[in-house]
Amino acid sequence: MKSILWAALALFCLAGTAGAQTPPTAEVLHWWTAGGEAKALRVIADRFQAEGGRWIDNPVAGGGGDAARTVAKTRLVGGKPPTMMQWHLGLSLKQLAEEGLLGDVDEVAKEGGWDAALPALIADNARYKGHYVAIPVGIHGENWLWTNPKVLADAGVSVPKTWAEFDAAAAKLKAAGVIPLALGGQGWQQVIVFNAVVLGTQGPGFYRKALVDLDAKALGGPEMVAVFEQLARIKGFIDPGATNRDWNEATQLVIKGRAAMQLMGDWTKGEFAAAGLQPEKDYGCDASPGAGQAYLVAADALAVPKLSDPAQRRGQLLMAKIAMDPKVQRDFSLAKGSVPARRDVPADGFDACSLKAMEKVRNSPDILPALGSSMGVGAAEAGAITDAVAQFFASSMSPTQGARTLRDAIDAIR
Amino acid sequence: MSALSVQDIGKRFGATPVLSGVSLDVAEGEFMVLLGPSGCGKSTLLNIVAGLEEPDAGRIVIGGRDVTRVEPRDRDIAMVFQSYALYPTMSVRRNMGFGLRMRGTSRGETEALVQEAARLLQIEPLLDRRPSQLSGGQRQRVAIGRAIVRKPAVFLFDEPLSNLDAKLRAETRAELRDLHRRLAATMLYVTHDQVEAMTLATRIAVMNRGVIEQVGPPQEIYDRPASLFVAGFTGSPPMNLISGEIVAREGQAIFQPDGGGPALPLPEACRPGKIILGIRPEDVSDPLSLPEISRWIPHILPLRMEATGADTHVTFAWGEARITGRFKPAVTEKNVVPVALDLAKLSLFDPATGLRI
Amino acid sequence: MRLHRRDHWAALLVLVPTVAVAGLFLFGFALWSGWISLTSSTLLPRYDFVGWLQYQRLFAMARWLTAYRNLLVFGVLFIGFSLGLGLLLAILLDRKIRGEGILRTIYLYPMAVSFVVTGTAWRWILDPSLGLQETARGLGWASFSFDWLSDPDRSLYTLVIAGVWQSAGLAMALFLAGLRGIDGEIVKAARIDGAPVWKIYAFILIPLLKPAFATAGILLSVTVIRSFDLVVVLTGGGPGFSSDLPSRFMVEMAFRRDQLGLGAASAMVILATFIAVITPFLYAGRQRAR
């Protein structure tokens, strides 16, 4: 709260002295406060200041970004927007644009050739009616299978490439006395498994129809029942202590060898790194079973509020240039564990897992929005799907009932 | 057989002795008052009789039955408390009937007994009220009603009048006396107020520092206090206490107060030595109001006068002692001399033991 | 006594800031939430009137119905057990047992801990693969089973256990203070009247604790409404949303799922429920003088 006051005060002073001499100024509202995230943002901030900009840091921690988003919304609606604000690409960004609250950085985007540099999905979601209303800084992927190679080897199995292989491997692991799949029984973690199953068993086309377009036929069809059949099998491969377990506690199970595999996003790497483990040596990072080159992503971005102060406007433009600079994108992603949004960033310095991800981002035709990313469906719809999946995991309903619950939940929200 | 017998009761709170070797017999139908200053142990003794506290030594016998280890409910007693201790959430009717109901008396019989007691105390119109809706005097009556409704062998009163104003206290005192007569019940009554004790008691037990100093009818306590403490605690103003020495002179015992002053001829023979002489203020007065045969007129001078309306208290200097006399209200500085002492009413105390000689 | 006119104005003047702040932040924002609940607001507030639509949607959602039913079940059990256990502890301490000071501190201690800590600790205790169950099995009791945390039909009761553990001490402190405030002669009178100990408590002392019951009831009701953090850390509303509570539902809808109108509607239902529950307690509290 205090920091907001200071920022507001700072802005007030700036407004008074605004003139030709005022340096480009950026008050940045964000919730990148934890270790790697904070370091990543520092990369941008340092460069911004090095180029003569004036950086006003305004972190709002709490609630996994809830607090920051609420502050941001309040200030946008109240007519006192920050210069830049952390936001996810996707529908809620477009909603802000629709309300006329966002400006654009088209001049920088055109000059920098953003359209060509960004994957189509990312570019589409950073634009509203053809204008760039946000600066994409990094891409996170969700459908990763993390494995403990020693545990797999002890049970005589290799990393499963399909869900059928997964079932077979899991059964062997279970017989060997380890937890086949480490899972936290929280809706958002369960839905990551669900997404991976939809993608891996029915393919990218079906995923798009069902979980991006919310096609009624796809949601209610036999394919969805098959998805829930696979989920039902997975329920047999998790342990009873999963309830409300945090994702990193699940990762710890894999690290300690009590569990063999975990389906989770690329941020899991940080947990392995903190334990001093090396990718592709001490732990495996592979695409989720059956996904192939398809990659479910969410994007970090800085949204561009509409404002009138010329110093801040110059700040926005300078920021757009810096944040999309290949070198900055590279350093940012190295610190944060994501991969650059740009496809033309040199790959040196990235680890094995990130290289796999960058390969997909550059060449895969199937860069798809993760369900929770807001690039496919809105938060309300994603929430309804999450509830339905969580309900299936918590109950003993049949796959048919599970599929029906999902369809009903979507119908109720429409 | 006495209705209540307290036998050699001892009680300590931690290392502090509160009662030591207290014995007391209360006869059937007697109104016994335990009189003493606060902290003398009288309430503790009452609680021990009630069974609310356990004695460290001694026995309590009620109606010939040793009840020392018996629960309060089985002692056949009732108690009236200083704060009245009415149950705030119950009506007057339920308050009075509670003890009966707890003993398994039927609803109908309880109601009849409550009605009877309420009639006796004239509180029938109050039966359906809550204690909070009653005045202090009314609460007091209800508390008494709750006690008499059970017709116990012994009534215990713990300073029941001290929360009332002076006028109400006098009225209630009269009613209590009346009630005692009508019920012919055995009562043990604790107070620090000597007026209550004098007016109510058939006998008074004066307590001090955990022991009973004197037991006797009120007049005897007043006229012949057994100790300096009793002498000083009773009467208003209290008994004059003058230290001095007894000397034999010409075959007669003479009292010589310390610091000089007229020597007093004692009516009876006495062993010479240090002594404390006690005399009530009413026995120090105008010579005409005292019996001629026993009066003695010393030459002492008044120091100050204090008019109370009913009479006037005059303080004289007698040697280094001060002695207060009680005069008719019309008295003036001029006609307080000569003053007379009634030698028939003297009390003599041993200064070493504080006991009456 | 009549106040002097000038004093009267001075008193009013002193009260104005408090009343204004309370008025704006409590009633003002409550009214605003009520208004939002009648609009189609999603990510941002939108001031179009859509009638009871959000309420209809709300009561058509399985998750809300579960959360709301949980609120009632949790509220009744939590308040009931907290009051009951608190009263029992207070009575035991009131019997002047040895070491009262230490025991009182121990019972009150959980109150000093936030629900986040309580919830986390109980999650580990109740985790079937770490806590009680595993310990009992480790000690050789192989058939011992206590997996309420992962049982959708029972997970709600784990919230009750943790909540009562935390709050019973508060009830105890209030009841103990109440018992200590009662004139000791009343107990003596009842003993002489022949009432056994349990009847003294049942008929005389506990009825006298009505104000303490009212206070404890209000405080515990507030705890029920704001037990958001306990749910989040202990069960996360799970398994599924079997142990969800309306406060969590509200935060989820209004701030995570961009459904401000729906969230506001749920907030209004919570408020209405709270008022309905707390009114009898307030009424009981006002009667204390009688």
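Buried means under 20% relative accessible area. The close-ups below come from a predicted model.

**View 1. A:S364, a buried serine in a loop of chain A.** A:S364 lies between α17 (352-363) and β12 (367-369) of chain A. Its relative accessible area is 10%, so A:S364 counts as buried. The side chain of A:S364 reaches the backbone nitrogen of A:D366 at 3.0 Å. Which residues does A:S364 touch, leaving aside neighbours within four places in sequence? The contacts are A:Q293, A:A294 and A:E359.

**View 2. Helix α16 of chain A and its packing partners.** The helix spans residues 326-336. Its buried residues are A:V328, A:Q329, A:R330, A:F332, A:S333 and A:K336. These buried residues pack against two helices of chain A, α2 (35-50) and α15 (310-323). They also pack against two strands of chain A, β6 (134-141) and β11 (295-303).

**View 3. The two ends of α16(A).** At the start of the helix, a side-chain oxygen of A:D325 comes to within 3.0 Å of the backbone nitrogen of A:K327. Just after the helix sits A:G337. The phi of A:G337 is positive, about 90°.

**View 4. The β1-β2 hairpin of chain B.** Strand β1(B) covers residues 4-13, and strand β2(B) covers residues 16-26. The two run antiparallel and are joined by 7 bridges. B:L4 stands opposite B:V26 of β2(B). The hairpin has 2 residues between its strands. In the turn, B:G14 has a positive phi of about 65°.

**View 5. Strand β1(B) beside strand β4(B).** Strand β4(B) spans residues 57-62. In which sense do β1(B) and β4(B) pair, parallel or antiparallel? The pairing is antiparallel, over 5 bridges. B:S5 stands opposite B:V61 in β4(B). Strands of a sheet pair through backbone hydrogen bonds.

**View 6. An open sheet of 5 strands in chain B.** The strand order is β13-β12-β11-β14-β21, with antiparallel pairing. β13 (264-265) and β21 (347-349) of chain B stand at the edges. Each has a single partner strand, so one side of each is left without a neighbour in the sheet.

View 7. B:I276 has B:F349 of β21(B) as its bridge partner.

How values were computed: Residues are numbered from 1 along each chain as its sequence is written. Chains are lettered from A and ligands numbered from 1 in the order in which they are written. This is a predicted model: local features need pLDDT of at least 70, side-chain atom pairs count only at pLDDT 80 or more; totals for chains, interfaces and linings use all residues. Side-chain values use heavy atoms; hydrogens and water are left out. Two strands pair if DSSP finds at least two bridges between them. Helices (H or I, at least four residues) and strands (E, at least two) are DSSP runs, numbered from the N terminus. Buried means under 20% relative accessible area, exposed over 50%, partly exposed in between (1.4 Å probe, protein chains only). Contact means heavy atoms within 4.5 Å. A polar contact is a pair of N or O atoms within 3.5 Å; within protein, one must be able to donate a hydrogen and the other to accept it, and residues adjacent in sequence count only if both atoms are side-chain atoms.
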